[in-house]
Each structure stands twice: as structure tokens, then as C-alpha cells.
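User: I want to know what stands behind the labels for this protein. Please take me through them.

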Amino acid sequence: MRRREFLASTAAALLAAVQSSAYAAAGDTPIRAGLIGSGWYGKTDLFHLIQVAPVEVVGICDVDSKMAEEAAQLVSQRHPSGKVPPTYGKHEDLLSKHKPDVVLIGTPDHWHCLPMIDACRAGADVYVQKPISWDVAEGQAMVAAARKYNRTVQVGLQRRSTPHLLQARDRFIRSGKLGKIAYVDVHAYGGGPRDFPATQAPPENLDWDRYVGPAPWRDYNPGIHPRRWRACGEFSNGKTGDLCVHFLDVVRYFLDLGMPKTIAATGGRYMLPPDSNVNLHDTQNALFDFGDVQVTWNQRNWGTNPEPDYSWGATLYGDKGTLKLSVRSYDFIPKGRGQAEHGDWVDESEQYPEDQQHKETEMFAAPATRRHMQDFVEARREGRRPVADIAEGHASTACCLLANLSMRLGRSLAWDADAGRVIDDDEANQQLARPYRGDWEHPTAQDV
């Protein structure tokens, strides 16, 4: 049997085992789930939860009523009862009317914080997408809310649950084959954004004022919603918040790293034309100094890709070899005459044909997300913290947000992890929380 076939069969057996244990533990009582943000990854996360546990979807919330209704119809096809869940335009209504056991948050980044805190207050456990927050102070408030209300909160950093990456960790890091690791390169190359079309009035099915929410105002244009908000600085932190956070997080997890001592970043809009309405950087180089380990982030949305098979990933350099990681594969290159070793992602598409029916499924990520959801379910039952607990999600998110802040300020930042502040830099600390728009109130760790 080939290694890939062996990994796939083993992974399927393990998943079947954990699924049956979850159903046995849960009995016939389904988890009452609510979804806030019914776009691409909101639906995908919910469908993967349904695959690993008995679930009743009690409500779906989205500022786009058409998108919410479409999601509700798809959910009804996966409900044993065929029930179509009700839809809402405000998450507060979903929480107050149904009091779900768990809430999944798949909104744009600037809308992660407020519904997560509200869900914790309402007694729900939460699965929230990464990066957990738009600014550092939001993340601090989210951690405080999870602890105050004693909620289980899993962050969608499913690289921590990716089978081939965990195998690479065990085979080369934990075994010592990679040796002492002192340098890691996290990177993403390519994928430069194009300009947005002209602004226009939003469609009737979209509550644009609510979409913008606490963020600085930006006029609607049909290019932003539903998928390209990641190219808007009002709603996103760019590829640093979108892609760096994944592999920086898994490096922190594999190497047991806390917060860096210093963060320094340079970059900007080097290739975007001056009149572009894409207001995020297209180039960035960041250094996260963890003391004994240096981790860099290299982003370039343009030019030739130097790593065709690892255009987004991490490369770990040890004194005994090099380990390349991506969402699809790994490669270990030993120093000297040793044998190079390769591994691929676990393909479970035959076991889960519904993944292929849902065209938005990232097939390479599906096995990881299922295991990540399974860990969430088990953590709730066992009263423990999940593998991507909110505090870990905050740490990895804060690293990325501080890199962007360092780039904007043009200087390195020394971080006091205990105080949650930049050392001797009042200007930087003032920018750990951005002002909220209008009557929206920015939460703090003290007032959740």
C-alpha cells in the first residue's frame, strides 16, 4: 500500500472512531447551533460540524438576507428533519430568541469580536474564524469574555488539526530529526488584488450600514461583497491577517512559542497604482523575535513565485535539515546524505461526497476542519480548552496585527506579554484599539 493510501485509510478509521464516540457521548440530543455569517467559510464550517456531531441548526444570521436564505435551504438538505432554520439580520435576535448551545462566526474580520462576546454572554460556546479580531484590544476583550463566562471557544486555525502537518511534526520535530530549530520562514507569494468597481447603491437584500458596523465607513461597491472584503483595510488586515496567521500559529504550536519579544515589519503598496482603491499593502517583510527562534513573514503579491509547490506555507530550518510545510504537502530535506521524505494531504473526498457537492469546500482543508470541529465538540463535553483556544488564537492574531502596526509606524515594537502592551511606546499603545464608528462601543477586557 502506498503511503498516501495508508494515511487516507488510517485517517478515515480514526475519524470514524471519534465520530462514533461523539455521537455516543451526545446521545440523541443534538447540539443546537447558530450560524452568524453565512458566506463561504461560515457555511463550510457548519457543514463540517454537521459531519462529526448531531446538530440542529436553530438559526442563521447574515446582513445579506438573500445569502442567509440560501444557506438555510442548504442546511435543510442536511437536517434529518428537513427543517429550514429561521434567518435573521441581527445576531442579537438569533441569540435572544434561540439561546443556541454553540455559535459559529464566519463574518468578515471586523465583525468577529462583538458577536463572539455577545454569544459568550448568552451562554453559548463559540467557534470563531481567524484572525479573531481586527485590532489587538478586541482580541484581549474576547479572551476575557471567554474566561469570564466560562465558555469553550475554538478558533478556526485548523492547521493545528491538519493530519499531514501533525505527521510532519511528529516525524521530524518531535523525533529530533530536524535538530535544533532557530529560524522559520512563513510566506505567501502571488494573488495580487485587482481594483474594485465604482461605488453604487447596495442591493435591497444587503444591509450595508450593518455590514460596515463598527468599522470606518466605506461606500458599497459590488466587488466587496461577498468575497473580496479581504482587500479592504476597513474590514481586513490583508494577507498578514488572512494567511500569515495560519502558519505563524502552527509554528507557535509546533515549537511551543508564546508571544515574541519584538516585532518589526516593513512594507507597503509598492506595485498597486497610486490611485488604486485597494487600500492594503502588497508587500511585507516581518520579523518575530521569540528569543531562541526567529520567525519571518515574507509576503509579495507580485513577481515570480520562488516556491511553486510552497507558495503559501512555512519552512523550518534546523541544524540537521529543512522542513517545508504547506496545506497540501510537506518535504523534509536532511543535511548530508540522508533520505528526503515527502507527505501529502489526506484526501477524504470519497468518504464525504457532500464535500464535492458543496462547491465552496476547500477539499484539502476539509479533513483538518472536521478534526478541528471534533476537538471543539469533545472540549465542550470534557470541560477542557480546545486545541486552538481563544487565547492561542489571540496570540497568533496579535502577532500579525502588531506586524501591521510596526509597518505603519516605521519602527520595531517591544511587546510586554503580561501587560498586553507595547513597551515605552504611547503612540503604538493608542493604536491597539481603533475608534468604533457612530454609536458602536469598543469592548475592553475590563467591561465584557
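Analyst: A salt bridge is a side-chain nitrogen of Lys or Arg within 4 Å of a carboxyl oxygen of Asp or Glu. A search of the whole structure finds 30 of them. This is a predicted model: local features need pLDDT of at least 70, side-chain atom pairs count only at pLDDT 80 or more, and totals for chains, interfaces and linings use all residues. Residues are numbered from 1 along each chain as its sequence is written, and side-chain values use heavy atoms, with hydrogens and water left out.

User: What makes Asp125 and Arg151 a salt bridge?

Analyst: Their side chains meet at 3.2 Å, N to O, and the cut-off is 4 Å. Asp125 lies in strand E5 and Arg151 in the loop between helix H6 and strand E6, so the pair ties together parts 26 residues apart in sequence.

User: Why is Asp125 called buried?

Analyst: Buried means under 20% relative accessible area, exposed over 50%, partly exposed in between (1.4 Å probe, protein chains only). Asp125 has 5% relative accessibility, so Asp125 counts as buried. Arg151, at 23%, counts as partly exposed.

User: Why are H7 and H9 called oblique?

Analyst: Their axes cross at roughly 40 degrees and come within 11 Å. Angles under 35 degrees count as roughly parallel, over 145 as roughly antiparallel, 65 to 115 as roughly perpendicular and the rest as oblique. H7 and H9 are therefore oblique to each other.

User: What makes helix H5 mostly covered?

Analyst: Seven of its nine residues are buried, including Leu114 and Ile117. Asp118, at 21% relative accessibility, counts as partly exposed.

Notes: Helix = DSSP H or I, 4+ residues; strand = E, 2+ residues; numbered from the N terminus. Axes fitted to C-alpha atoms, helices over the stretch in contact; angles between N-to-C directions.
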